[in-house]
Amino acid sequence: MPLEAVEARRLYRQVADQLRSLIDSGEYAVGSRLPTERELAEQLKVSRPTVREALIALEVEGRLRIRVGSGIYVIEPAAVAAPAPACVIEGPFELLRAREFLESAVAEEAARVATKDDIARIDASLVAMEKVEHPGEASMVHDRAFHIAIAGSLGNAVLVRVVGELFDQRLNPYFAQLAHYFESPGTWRAALDEHRAVRDAIAAHDPQAARVAMRNHLARSQERFAQNFGAENAVGSSSGPSRTERAGAKPSKPKHAPKKRAASSSARRR
């Protein structure tokens, strides 16, 4: 038998796989509500953003329905969709953390080297952002242009391409589903203010301020996407997975699971 390539699964995919298995086995019956994000994170010993990425993945697959202010419910899928390959779709928080790391360094260098023409291109994208409605395709075009204009000031085509490709991951179904819950004209105005702070630091040729402003912008983006959409009062943390995270723990069974299925599952575990 030929050897097969070993693929390290992303943490949120491991969580999604566990939850899907529990749904398929009847531990979580159709119509039942899952534990809150906080409870799942505590039981699985992972961060809440990791749990959120897993829940969004399962919603995209048609296994769950998220009801803001109510909770996360198991639904009857019209047809069981195959899980998306982990190598194809990145987790939204994973992407934002990567952008925070990369683009804060890009903004820092832009503050050192940006010319008047570079600042003019950044300003043009901001003017366009101020006039467009959000959420919408046009707002994403101008948002992308802002980040590309900053990267372009470094005169490095590779960085421009990488920044553009990372931004374009917003179009993946997981990111789009998450944005559906939390993006609004209000979040757009907040992001626009954050963009202006980045622009002002670059125009002032203040590398440290530019780095901090870009890092704050992308960190706040994570915070906005981590707002609670379940039935609990606390706001989710935007921190990433810790080094001690593992997906080996199992979430507890729902309190109202059918007795017959619960007993069957207990027998299997013995």
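Entry 1: I began with E194, which counts as buried because its relative accessibility is 8%, under the 20% cut-off. I note that this is a predicted model. I then looked up where E194 sits, and found the residue in helix α9. Leaving aside residues up to four places away in sequence, I listed what E194 touches: H217, R220 and R224.

**Entry 2: cavities.** I next asked how many cavities of 30 Å³ or more the structure holds. There are two. For the largest cavity I recorded a space of about 190 Å³. I counted 19 residues in its lining, and those nearest the centre are R170, E183, A191, S221 and R224.

**Entry 3: the lining.** Which elements give two or more residues to the lining of the largest cavity? I found α4 (92-113), α6 (137-152), α9 (185-203) and α10 (207-225). Helix α10 supplies the largest share, with five residues. Sorted by class, the lining of the largest cavity contains eight nonpolar, six polar and five charged residues.

**Entry 4: confidence.** I checked the pLDDT last. The protein chain averages 81, and 77% of the residues score at least 70. Over residues 233-248 the pLDDT stays under 50, and I noted 41 contacts beyond four places in sequence for this stretch in the model. Residues 254-270 also have a pLDDT below 50, with 13 contacts in the model beyond near neighbours in sequence. Where pLDDT is low, the predicted coordinates should not be read in detail.

How values were computed
Residues are numbered from 1 along each chain as its sequence is written. This is a predicted model: local features need pLDDT of at least 70, side-chain atom pairs count only at pLDDT 80 or more; totals for chains, interfaces and linings use all residues. Side-chain values use heavy atoms; hydrogens and water are left out. pLDDT is the predictor's confidence in each residue, from 0 to 100. Contact means heavy atoms within 4.5 Å. On a 1 Å grid over the protein atoms alone, a cavity is a set of points where a 1.4 Å probe fits but cannot get out, and a pocket is an open set with protein on both sides within 12 Å along at least five of seven lines; lining residues have an atom within 4 Å of a point. Grid points are joined across faces, edges and corners, and a volume is the space filled by probe spheres set on the points. Helices (H or I, at least four residues) and strands (E, at least two) are DSSP runs, numbered from the N terminus. Ala, Val, Leu, Ile, Met, Phe, Trp, Tyr, Cys and Pro count as nonpolar, Asp, Glu, Lys and Arg as charged, and the others, Gly among them, as polar. Buried means under 20% relative accessible area, exposed over 50%, partly exposed in between (1.4 Å probe, protein chains only).
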